[in-house]
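Here is a quick walk through the model, written for someone who would rather look at the picture than at a list. Have the sequence at hand as you read.

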Amino acid sequence: MMNAVKYWTTLLPFILITAGCATAPKPQVPLRPGATLETVSAMVSISVKAPQGSTGGHGYMLYKKPDRFHLVMLTPFGTTALETFSADDRLTILIPSKGTAYSGSFTDMPENSPLRGWRMIKLMAVDQPLFDPGKKGIVEKSGEGSGEITSWYDDTGLLTRKRFATGEEVFFRDYQSADGVPFPSVVEFTDGNGSRVKITFDEPEINKPVEDAALTPNLEGITILPLISIKGI
Amino acid sequence: MALLITPLIPAGSHAATIPPLEGLEQARRGFAGMTDFIADITQEKQITLLKKRQVSSGQVRFRRPDTFYMEVYSPYASRLLLKDNVLNMVLPAEGIRQKTVLPPEEGLGRWFALFDRPVARLPEGVDIKAERHGNTIGLRIIPTAKKGVKELDITLYDDGRPKRLVIEEQNSDRTVMTFRRVRKNVGLTEKDFRIE
């Protein structure tokens, strides 16, 4: 009995899962040209498909411009399975049930991990307006050499796709207006090597205050290991 | 006023603290007579960072010695099947299927076999409080390690049927799972534990 108690407290956070979103139609405020995403907080469903395997789940995410993320994945029991924090090129994956965190550069993620595609999440950080009526239907190139980025805009001026010289692409779909700020309900990443990450946002709150503390891992009492040693998720 | 109110309070409504070992043993005895159960669930998750509440519904099934199934309905649909130490999960909306083999020592059968023996001592690593409230037993389990789960509150009926599970986490998130229409020993078979 007592061990069963410990067993469940260990197992519950170990189990990832869930997905799928249904969004009721909402009144749309006309999009404001030039409006940018400063912060996002939302429920999310995520699927990661990679040659090494697939995984997914649902949880919630906080984002703050330019590149800070806090993503929480939940178990089917509603408890926290894992938390990821990223800023710049750094990624920290915290597994609360084990009291362990893995930290390092995005490139440290092991090749054989289905979560390797996770590194593409940094591509979601967009420092340009997602809606520019002056760019209706155009394909725009910026940067040079290995830093070249190609951006596609649809016939209304919404950014729908970005391709990086490294072969990675990000697609922005199902836009909605959050008080005039364009927000894609679905963002999908591919790396050109068979990995695909899809994030579906539900009930997003856009450009509301997000405290820095909410984007910073609390690693007090946590064992910190190098990211390259992560496995088994 | 007190005289008016007192008769309205059912006699069994007061919770009585009982020794934790006794609480665990009562719960074990109730569960020992159960070969399977099926229940509808409501799951209410309080997300502190988002200041949001998320409510889901679904169903759970259990069959001795080692099989557990849980389905959560849309909008965050998922299905989970744990057969001893093999965990299968499906995300129907995303077309994701996952299979995880847990270490043998984490197999369900091994742990539920512990219900077959009387509780002789309190487990290490957790602080336990127990109380009786009418025909239910409440167990409050507080892990001493400051890891993911801060506190687990389980309420069971005398006959082992689950009533409520509350999980409080170190990050202040809180999940309440309420069990409804709990039916035990209904003769669940292998076909009730298909994840397809």
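Let's start with a helix. Helix α2 of chain B covers residues 20–32, which makes 13 residues. From its first C-alpha to its last it reaches 18 Å, close to the 18 Å expected at 1.5 Å a residue. Keep in mind that all of this comes from a predicted model.

Which residues of α2(B) are buried? They are P20(B), G23(B), L24(B), A27(B), R28(B) and F31(B). Looking down the axis of α2(B), you find these buried residues within an arc of 130°, so they line one face of the helix.

What does α2(B) lie across? It lies across four strands of chain B, namely β1, β8 (126–133), β9 (136–143) and β10 (149–157), and it runs at about 70° to β8(B).

**The sheet of chain B**

Stepping back, chain B has three helices and 12 strands. The 12 strands form an open sheet with antiparallel pairing, in the order β1-β8-β9-β10-β11-β12-β2-β3-β4-β5-β6-β7. At the edges stand β1 (16–18) and β7 (96–101) of chain B; each has a single partner strand, so one side of each is left without a neighbour in the sheet. On average, neighbouring strands of this sheet are turned by 15° against each other, direction ignored.

One pairing to look at in this sheet is that of β2 (residues 36–47) with β3 (residues 52–63) of chain B, antiparallel over 12 bridges. There, D36(B) has R63(B) in β3(B) as its bridge partner.

As a whole, the C-alpha trace of chain B spans about 60 × 45 × 35 Å along its principal axes. Chain B has 196 residues, and 34% of them count as buried. Among its contacts with a separation of 6 or more, 49% are between residues 24 or more positions apart.

**A residue on the edge strand**

I18(B) sits in strand β1 of chain B. Is I18(B) buried, exposed or partly exposed? It is partly exposed, with 16 other C-beta atoms within 10 Å. Leaving out residues up to four places away in sequence, I18(B) touches G23(B), A130(B), E131(B) and R132(B). G23(B) is one of the buried residues of α2(B). As for D153(B), it is 135 residues from I18(B) in sequence and 15 Å from it in space, C-alpha to C-alpha.

**Where the chains meet**

The contact between the chains takes 38 residues from chain A and 49 residues from chain B. On the chain A side, α1 (2–11), β1 (39–50) and β2 (53–64) each supply at least two residues. The largest share, eight residues, comes from α1(A). By class, the side of chain A that touches chain B has 19 nonpolar, 17 polar and two charged residues.

| Pair | Sense and bridges | Residues between the strands |
|---|---|---|
| β1(A) and β2(A) | antiparallel, 12 bridges | hairpin, two residues |
| β2(A) and β3(A) | antiparallel, seven bridges | hairpin, three residues |

**Backbone details**

Where do the cis peptide bonds described here sit? One joins K65(A) and P66(A), with omega about 10°. P66(A) is in the loop between β2 and β3 (68–74) of chain A. Another joins R64(B) and P65(B), where omega is also about 10°. P65(B) has its place in the loop between β3 and β4 (67–72) of chain B.

Two aspartates of chain A have a positive phi as well. D88(A) has a phi of about 55° although it is not a glycine. D88(A) is in the loop between β4 (80–87) and β5 (90–95) of chain A, and it counts as exposed, with 12 C-beta neighbours inside 10 Å. For D179(A), phi is near 50°. D179(A) is in the loop between β10 (169–178) and β11 (181–190) of chain A, and this residue is exposed, with 10 other C-beta atoms within 10 Å.

Conventions: Residues numbered from 1 in each chain as written. Chains lettered and ligands numbered in written order. Predicted model: local features only at pLDDT ≥ 70, side-chain atom pairs only at ≥ 80, totals over all residues. Buried ≥ 20, exposed ≤ 12 C-beta atoms within 10 Å, placed from the backbone. Contact = placed C-beta atoms within 7 Å. Nonpolar A, V, L, I, M, F, W, Y, C, P; charged D, E, K, R; others polar. Expected span 1.5 Å × (residues − 1). Arc of directions from axis to C-beta. Pairing = 2+ DSSP bridges. Axes fitted to C-alpha atoms, helices over the stretch in contact; angles between N-to-C directions.
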